[in-house]
Amino acid sequence: MKKIVFLIGFITLSVSAVAQIQGTITDTKGASLPFVNVYIEGTYTGTTSNENGVYKLDVSQRKEYQLVFQYLGYKTKKITINPDKFPLELNVVLNETSTQLDEVVIDTSEDPAYPIIRNAIEKRKENLNKIKSFTSNFYSKGLWRVKDMPKKIMGQEVGDFDGALDSTRTGIIYLSETVSKIAFKRPHELKETIIASKVSGNDNGFSFNTAQDADFTFYNNTIDISASIVSPIASNALNYYNYKLEGVFYEDNQLINKIKVTPKRPNDRTWSGIIYIVEDLWQLYGVELTTTGSAIQVPMVTQLVFKQNFSYNEILKRWVKISQTIDFGFDFFGFKGAGRFVAVYSNYNFNPSFEKNEFTNEVLSFLPEANKKDSLYWKQYRPIPLTLEEKKDYVKKDSIQTLRKSQKYLDSVDAKKNRFSLLDPLMGYTYTNTFKKWNISYDAPLLKTQFNTVQGWNSKTGISYFKWYDQYYNKWLRISGNITYGLSDDRVRATGSIAKKFNNINRLTLSLSGGSKVQQFNASQPISPLINSIATLYFERNYIKLYELNYLQASYSQEISNGITFAAKLSYQDRRPLFNTTNYVTLPQEDVSYTSNNPLAPTNFTTAGFEKHSIYKSNSSVFIRFKQKYMSYPDGKYYIGNSDYPNLSFSVENGFGASNSKYNFTKVSSRVSQSVALGNKGRLRYNLHAGTFINAKDISFIDYQHFNGNQTRVGTSSNYSNVFNLMPYYLFSTNKSYFEAHLEHNFKGWVLGKIPGINRLNYNLVLGAHLLSTKNNKPYTEFSIGLDNLGFGKFRFLRLDYVISNFNGKTQGHFVFGLKFLRMLNL
C-alpha cells in the first residue's frame, strides 16, 4: 500500500513538475514567428519558440501568470492566464510594431539617430559593467543543413554523412543540444557545467555547443568572429557607420528607438541591419545585424546574422540578454548550405555567492552521464520544442546508428572505399577497417618526386599502419616505414617509426624512430623541397644543403601541469658528408652555376662541411602557456587560445659521447612568443629567441644554431614571425650567443579598408620587422611592407611583400611572393 501511495504521489509530482503551457505564435497573416521570447513577467523563467513558431513553457504551479511574448519588429504582448488544467493550449498572434517619427524633433543638419548613438556610445562602458556577476541556466542548439551536396569534392568521395542526406543529397548533417549551468564574473570569468548533451545519431557523442561560443556582447568595442567586427555602439563606431532613425515605439512606458545601421565602406569589419536603443537608459533592447564572409575574411561563409533579445530587470535598471540566434550560410567547393546556433538564458541570479575558488582555468565540464539523458528528460527540460524536421532527424539517425555501427554495415562501406584503381600505385592508396579502427596507407612516389644536386631525381614511398581507439582519435598508435631512392647517387635509404598517444588529457606521447635519410643542415628545414626543385632545375640555384643522417631516436612529451608541457629526446646519430652528384639543369643560366654542398664554402666542391662522426644527443624542453584555459570533455582536455599572455619555452640540448670529443657541447635557449588581438586594428605577432653555447668552440657545423633564411623569394608560411625573408640560409649560423626577434602586424583591413576603391579588394596591410644579433657580428635587420589575403573569390592563399634588408652597411630590397598553401600541403 505504501508503494502504491508513493507511486501515486510520484506521478502527481511528476505531472506537476512538467506542467506545460504550449501553442503556436503567428503574425496577423498566419505566418509562424520563429524564436519569439516567451517568459513569465518579472522573472527569467521562459522559453523561445522554434523555427515553426511552436513554443512550450514549463511551469510548476497552478496559479495566475502573466506571460510576455516578445519579438523584434512586433508589439510585445502580455497575456494573463490562470490555468486549471495542463497542458494548456495558448496560441498567440503578434502585431507588427508601428514605429512613428512624428514625435521626433527633426534636425535638418543630421539624422536624429546620431544623438541617440552618441549617448549609447557614451554610456557603453557603464552599461557593460552594470552586471558584475550572475548565474543562469543555459540551453543551446546547433544545426547544420546542406543542400545538393556533390558526391565528390576534389576527387574524394563525400558519402552520405551517415545517412543524413536524402536522394537529392540534402539534409541535416549536424544537430545537437546542451543544457547547462553557467556562472559569470566580470571581467572575463565564465564557467559552464553541462548537465545534458545530445548529438543526433551518436548516443555517445558530446555536443560542442558551449556558452563560450555564444558569449557575444555589442557593448564591447568589437565582436571577435575570426576577425574583430566593430560594434555599432563602439567608441569609434561613428567612423565606421551611417545611422538612420527608422522610428520609435513604446514598451512599458519606455521609448525604444529603431535605428538602421549601414557601413560607411564596403568590406569593412562592420555590421548592417537594425539596432534598438532604449531612450534615457541608452541600452540595447535588441539587435538584428548581419555581416559577411568578406568582412570576417572567411570566404566560404556567405553571411552571418546575429539576433539578440533583451528583457528589462527593474532592480538592475538593465535590459538583459535572454536569447540569441546566429544564422549563417556557407558555400565552398560545391559544399553549400546554412546553419543556426540558438542560445537561451533563463533563471538569472544577479547576486550569486561564489566560493573562493569558484573560477579556475577549467571553463567547461560535464556531469557524469550527461550524454545519457533519455527522451523524457529532454521533453521536460528542452525550452525550445523540436521542429518536425528535427524530430525526424533524431528518430532516423538514432534508429540507424546501431546499424551504422555494425560490422556488416561498416565492412560494406569500407569495401566501396577500399576498391583498388589503376592509378593507386602512382597516387597512393588506403585500406581501412572502420569496425576494428585501423587502416594501412601506401604513399605513392609520384607526388613525392623531387630534385636536388646531391641525389638528383629522387622519390619516396612508404607504408603506414594507424590504429585509433576512440571516434575522436584522442588515443592512437602509428607505425610507419619509408624508402627513398636517389637516381644520381644511386642510394636507397630507409626510415621507420612507431608512435603512440595515450590520451587527450595530459597528451602523453611516446615515439621511437630510426634509419637513414638525407637531412638539411638546418633541422627546421626552411627550404621547401618543391621550391628547391624548381629553383634548381629552372634557375640553377641549388639552395638546399644536405648530409646523411643514420640515427635512432626516442622521444617523450606530456603535459605535467595545466599549461606546462615537458618534452625530451634522446638519440644516437651517425653523420656523413655528402657531395653533389649531378649538374643536370633544365634551363641553364649563363651567369649562374651550381654551388657545392658545403654551406661553409659554396665554391669548394671537394671539401666537406664537416668530418664524418657519431654523437649522442639529448634535448629537454619545457613549454609554458600562462593562464591556459581549457574545456574538460569526458574524452579529453581541449585548450582555449589566450592572446593575453605570451608563450614561453626553455630548452637544454647536449651533445655527448661523440667519436671526436671536440664535437661535444651544451646549448641553452629560450623563446617568448605571442599573438596579440588588437580588436579591429588587427593582430600583432612577436617571436623572441635567444640562446648560448657552452664548450662548443669546435663543434660540428650541423650543431650550430641556424636561422630560417630565405633566398628563393617565395614565402611558404601563413605568417613571417619566424623567418628572415632575404637572409642567406647559413651566412649567420653560429656556435656562440645569439638573439633573434620577429615582429609582424597584420592590420586585417583597418588601414586599407578605409581607402576608396582599394577597400573593395579586401586586402590586408602587413608590416614586419626582424632582427638578428650574433656575437662578433653586426646586427642583421629586415623591414617589410606587404599585402595579405590576395587571391580570387573564395581562394585567398597568396601574399606579396617588399622586404628591405640591412647588414654591415649594405642594403637590399626584393619582392617576396607568398604561397601560404604550400605549408598546409606539406610541399
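Which ring does the charged end of Lys373 sit over? That ring belongs to Tyr377, and its centre is 5.3 Å away from the charged end. A charge counts as sitting over a ring if NZ of Lys or CZ of Arg is within 6 Å of the ring centre and within 35 degrees of the ring normal.

A word on the model comes next. This is a predicted model, in which local features need pLDDT of at least 70 and side-chain atom pairs count only at pLDDT 80 or more, while totals for chains, interfaces and linings use all residues. Residues are numbered from 1 along each chain as its sequence is written, and side-chain values use heavy atoms, with hydrogens and water left out.

Back to the rings. Searching the whole structure turns up 62 aromatic pairs. Rings of Phe, Tyr and Trp (its six-membered ring) pair if their centres lie within 6.5 Å; planes under 30 degrees apart count as stacked, over 60 as edge-to-face and the rest as tilted. Phe208 and Tyr633 make a stacked pair, with 5.0 Å from centre to centre and 25° between the planes. Phe208 sits in the loop between strands E13 (189-199) and E14 (222-225), and Tyr633 in strand E34 (residues 629-633), so this pair ties together parts that are 425 residues apart in sequence. Strands (E, at least two residues) are DSSP runs, numbered from the N terminus. Phe208 is partly exposed at 38% relative accessible area, whereas Tyr633 is buried at 6%. Here buried means under 20% relative accessible area, exposed over 50%, and partly exposed in between (1.4 Å probe, protein chains only).

Ser176, in strand E12 (residues 171-185), is buried too, because its relative accessibility is 0%. Its side chain makes polar contacts with the side chains of Tyr174 at 2.6 Å and Asn209 at 2.8 Å. A polar contact is a pair of N or O atoms within 3.5 Å; within protein, one must be able to donate a hydrogen and the other to accept it, and residues adjacent in sequence count only if both atoms are side-chain atoms.

Finally, there is an open sheet of four strands, ordered E3-E2-E5-E6, with antiparallel pairing. Its edge strands, E3 (46-48) and E6 (77-81), each pair on one side only. Two strands pair if DSSP finds at least two bridges between them. Strand E5 (residues 65-70) is joined to E6 by five bridges, and Val68 stands opposite Lys78 in E6.
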